[in-house]
Amino acid sequence: MATEKNYYEILGVSKDADIAEIKKAYRKLVRRYHPDVSKDPDADQKTSEVNLAYNTLKDPEKRAEYDEMLANPFKARQQAGGAGQGGFEGFGGFEGGFNPGADGYQYYHFDSSRFGEGQPFGSGDFRFDDIFSAFGQAQQRRASRPSGPVQGEDQHAELSIDIAAAYAGSERSLSIDMPTLNADGHMAYERKTLHVKIPKGISEGQQIRLRGQGLPGFNGGANGDLYLKVRFHESENLYVKNGKDVYQRIDVMPWTAAAGGKMEAATPAGRLNINIPANSRTGQNLRLKGKGIPAKEAGDLYLTVNIVLPRADSEADRAAWQKLAEHYGVKG
């Protein structure tokens, strides 16, 4: 029997590779074997091997156990009780039925990459990481041939939306390559368009449930559900804290900041007339109670003052600034 590759060799990393290297290698391989781009007839099998390797090496405890088994294969085989007795299927050089995914790998998010429209796995702001991990687990459960109906597992993902969508509610359509299982229990893909209704007042971190859009069930079992955890698009000038409090930077002219007055500002809550207190300073927050995300308990809107200086492009401009300096006793 030919010697099988161990998990490090499957991912193409060294045995001292850190988690970032392992994750990078994993993502590269699952994209290589994606059915939209791969012509390899064994792509499904190779994807399963990559899954199995990644599921073990990304978990510090499982990786330590695996490393110990690689260092002492005789001990590992003794613990397995011989081939076919609950051994170590998928571990390089071992046979049997060990299921390293049995404790579940069901949470998906992308730490550092997004897939845009027309690219594998999703569109725009839909984040779906480790998607193959769940299918490695599902295939193993299918291979065990349960006698009764088995419900499909739920899936979890992230959906990024504009902050304004939480104020008025919105709808989104997501075109994604949804994984599924064929009649032989192998991984396949089906292009789906999911219609997502974003309710008014949704807070960051809340989940939207799409019934029946998770992993398919076995033997007549119902499909699992897909849960989308909401994240807001944020920038330096507009972001959310505590799930529902909105912070927005507003530019204020120096004379308004000094003397106080009213100004109009465009906010996610609409155009608002703002009272600027006299002697306002850059970085000062003006609280508008109840004008944050309109959740069950509405958040607040904090407008952060940013004093902007007008340009002095003409002699008249410079004269005006000089007069102001003289008023405050500042020597030029």
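**A walk through the predicted model**

Start with helix α3, which covers residues 43-57. Its 15 residues, at 1.5 Å a residue, should span 21 Å. The end C-alpha atoms are 21 Å apart, so expectation and model agree. The expected span takes 1.5 Å times one less than the number of residues. This is a predicted model, so every value here is computed from it.

Where does α3 sit? Eleven of its 15 residues are buried, so the helix is largely enclosed by the rest of the structure. Among the buried residues of α3 are Ala 43, Thr 47 and Ser 48. Val 50 is buried too, and from there the list runs on through Asn 51, Leu 52, Ala 53, Tyr 54, Asn 55, Thr 56 and Leu 57.

Ala 17 and Leu 57 are 40 residues apart in sequence, yet their C-alpha atoms are 9.6 Å apart in space. Ala 17 lies in the loop between α1 and α2, the latter being residues 19-32. Is Ala 17 buried or exposed? Its relative accessibility is 3%, so Ala 17 counts as buried; the cut-off for buried is under 20%. Set aside the neighbours within four places in sequence, and Ala 17 is in contact with Ile 22 and Arg 63.

Now turn to the aromatic rings. A pair of aromatic rings is described by the distance of the centres and the angle of the planes. How many aromatic pairs does a search of the whole structure find? The search finds five. One of them joins Tyr 7 and Tyr 66: the ring centres are 4.5 Å apart and the planes are at 15°, so the pair is stacked. Planes under 30 degrees apart count as stacked. Tyr 7 belongs to helix α1 (residues 7-11) and Tyr 66 to helix α4 (residues 60-71), so this pair ties together parts 59 residues apart in sequence. Tyr 7 and Tyr 66 are both buried.

Tyr 66 has another partner. With Tyr 8 it forms a tilted aromatic pair, 6.3 Å centre to centre with 35° between the planes. Tyr 8 is in helix α1 and Tyr 66 in helix α4, so this pair ties together parts 58 residues apart in sequence. Tyr 8 counts as buried because its relative accessibility is 2%. For Tyr 66 the value is 0%, so Tyr 66 counts as buried as well.

The charged end of Lys 241 sits over the ring of Tyr 247, 5.0 Å from the ring centre.

Move on to helix α9, residues 315-327. Its 13 residues should span 18 Å at 1.5 Å a residue, and the end C-alpha atoms are 18 Å apart, so the two values agree. Just after α9, Gly 329 takes a positive phi of about 75°.

Step back to the whole protein chain. Its secondary structure comes to nine helices and twelve strands. Of its 332 residues, 43% count as buried. Among contacts between residues at least 6 apart in sequence, 58% join residues at least 24 apart. The accessible surface is about 18100 Å², and 47% of that belongs to carbon and sulfur atoms.

Finally, confidence. The chain has a mean pLDDT of 75, with 71% of its residues at 70 or more. Over residues 76-124, pLDDT stays under 50; the model has 129 contacts beyond four places in sequence for this stretch. Over residues 129-134, pLDDT also stays under 50, with 29 such contacts.

How values were computed. Residues numbered from 1 in each chain as written. Predicted model: local features only at pLDDT ≥ 70, side-chain atom pairs only at ≥ 80, totals over all residues. Heavy atoms only, no water. Phe/Tyr/Trp six-rings, centres within 6.5 Å; stacked < 30°, edge-to-face > 60°. Helix = DSSP H or I, 4+ residues; strand = E, 2+ residues; numbered from the N terminus. Buried < 20%, exposed > 50% of the residue type's maximum accessible area, 1.4 Å probe, protein only. Lys NZ or Arg CZ within 6 Å of the ring centre and 35° of its normal. Contact = heavy atoms within 4.5 Å. Areas by Shrake-Rupley, 256 points an atom, 1.4 Å probe, with all protein chains shown as cover. pLDDT = per-residue confidence, 0-100.
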